[in-house]
Amino acid sequence: MEPQVAVITGANAGVGLSLADRLLTEYRNLHICLACRNEGRAENAQHKLLRRHPGASVSVIIVDVSSVKSVLEAAERIKEKFQKIDFLYLNAGIMKVSSINWSKVLQIFSKDGAKILSTGWGVLNHIDGVTDEGLQEVFATNLFGHFVLVRELQDYLTASGNVKIVWTSSQNANAGDLNYEDVQHRKGREPYSSSKQASDVLSVALNERLNKQGVYSTVTCPGLVFSNLLFGILPSLLWILLLPFLFFMRLFVSNLTCSPYKGAESLVWTSKQRSESLDSRVKYLSNCSVLGKPFIGQEKLRIDSTEADRLYNILEDLYQGFKRRYRDIHPSKSMGTVKATKNIANGYHH
């Protein structure tokens with residue numbers, strides 16, 4: 001029987017790697033494709049998975065989702081490599097931080113502490129950069145690169161039928177931070193929140209366009225996970241010292257998953273649900289009980305079809321502009337940032 005295929009962006013560490021590990025445990029006949037930017041880290045992740053799951057089928061495709069050019073090439077390689085995709089996990093993301101708002105941190109011990117811990121609003125002072133293609137870096141990485149990937153694979157996905165697209169979003173998403181006149185958040189101060197709100201809105205738009213063709217989009221949140229994103233804010237030792245406090249706060253805040261394994265709970269859970277049963281206007285949350293037992297929570301998305309359609313059209317116009325810019329691309333040509341698909345002896349081949 002032909003294996004199912006799961007493509008995961010940003011899968012060389014953290015939630016992405018734990019997701020791959022857990023999917024290989026859940027599914028006996030599954031091929032995992034790690035779609036990652038860093039070749040060395042991707043290959044290390046590949047070898048870790050194969051040590052834990054001898055005989056598993058794991059391959060690597062190198063893609064930088066912040067680069068439209070890289071995504072265009074990677075999409076061609078995916079279509080060349082696989083006859084179908086069953087799960088497309090849009091997990092890669094960045095959060096660039098300049099400093100910590102300590103006055104907001106101290107409010108964790110106030111009546112607003114639970115809300116601050118669950119969303120992270122106002123705790124960090126965010127910064128952004130600009131890519132070589134002139135896009136805001138957080139927007140390009142967290143949202144637009146994934147939109148381009150979906151659009152490039154769209155005909156292929158609809159031909160496959162019954163495909164799940166799963167976004168790694170965040171409860172930090174805030175409608176007030178997404179400005180439709182400035183979707184790249186060039187003038188704003190919360191690029192991460194804006195990009196995650198945009199992924200929630202875009203998921204609704206994708207469902208309205210693709211559900212009838214057998215493609216379903218879902219948004220999830222892994223909760224507060226100890227990952228490279230967090231370790232870039234505070235040293236890992238400090239997070240370890242905070243562990244007892246975080247475990248105690250699970251009495252009030254259930255999304256303190258802490259470990260990438262538990263953070264991947266909602267992403268794995270969605271893979272096992274009937275596509276039609278997943279609510280397009282619900283964010284599925286990885287939560288933990290006080291004793292650390294994972295469970296699924298839900299957050300209603302207050303998104304109407306008009307704003308979803310508006311965002312989709314803005315992104316579509318930008319996408320078509322890049323398509324015109326790169327209209328002479330040929331899939332077989334090397335484009336610098338994109339390298340050949342990597343396989344090892346037990347990788348998946350047609």
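Where is the place of Asn162? In this predicted model, Asn162 sits in the loop between α6 and β7 (163-168). Its phi is positive, at about 50°, although Asn162 is not a glycine. The residue has a relative accessibility of 49% and therefore counts as partly exposed. His185 also has a positive phi without being a glycine, here of about 65°. That residue belongs to the loop between β7 and α7. His185 is buried, because its relative accessible area of 7% falls under 20%.

The chain as a whole contains twelve helices and ten strands. It has 350 residues, and 56% of them are buried. Among contacts with a separation of 6 or more, 76% join residues 24 or more positions apart.

Helix packing was examined next. Two packed helices are described by the angle between their axes and the distance between the axes. Helix α6 (residues 137-160) packs with helix α12 (residues 305-325) at an angle of about 75°. Their axes are 11 Å apart. This angle makes α6 roughly perpendicular to α12, because the range for that label is 65 to 115 degrees. On the α6 side, the contact is formed by Phe139, Leu143, Phe144, Phe147, Val148, Arg151, Glu152 and Gln154. These meet Tyr312, Leu315, Glu316, Leu318, Tyr319, Gln320, Phe322 and Lys323 in α12. By class, the contact of α6 with α12 comprises ten nonpolar, two polar and four charged residues.

Helix α12 also packs with α7, at an angle of about 95° and with the axes 8 Å apart. The two helices α7 and α12 are therefore roughly perpendicular to each other. From α7 come Ala198, Val201, Leu202, Val204, Ala205, Leu206, Glu208 and Arg209. Their partners in α12 are Ser305, Glu307, Ala308, Asp309, Leu311, Tyr312, Asn313 and Leu315. The contact of α7 with α12 has ten nonpolar, two polar and four charged residues. Tyr312 and Leu315 of α12 take part in the contact with α6 and in the contact with α7.

A search of the whole structure for cavities of 30 Å³ or more returned one. The largest cavity has a volume of about 40 Å³. Its lining consists of Asp128, Val138, Phe139, Val183, Gln184, His185, Pro191, Ser194 and Ser195. Helices α6 and α7 (191-210) are the elements that give two or more residues to this lining. The most comes from α7, with three residues. By class, the lining of the largest cavity divides into four nonpolar, four polar and one charged.

Trp269 has 24% relative accessibility and so counts as partly exposed. Leaving aside neighbours within four places in sequence, Trp269 is in contact with Leu278, Tyr284 and Ile296. Trp269 and Phe295 are 26 residues apart in sequence. In space, the C-alpha to C-alpha distance between Trp269 and Phe295 is 9.4 Å.

Technical notes: Residues numbered from 1 in each chain as written. Predicted model: local features only at pLDDT ≥ 70, side-chain atom pairs only at ≥ 80, totals over all residues. Heavy atoms only, no water. Axes fitted to C-alpha atoms, helices over the stretch in contact; angles between N-to-C directions. Helix = DSSP H or I, 4+ residues; strand = E, 2+ residues; numbered from the N terminus. Parallel < 35°, antiparallel > 145°, perpendicular 65-115°, else oblique. Contact = heavy atoms within 4.5 Å. Nonpolar A, V, L, I, M, F, W, Y, C, P; charged D, E, K, R; others polar. 1 Å grid on protein atoms, 1.4 Å probe; cavity = no way out; pocket = protein on both sides within 12 Å on 5 of 7 lines; lining within 4 Å. Points joined across faces, edges and corners; volume = space filled by probe spheres on them. Buried < 20%, exposed > 50% of the residue type's maximum accessible area, 1.4 Å probe, protein only.
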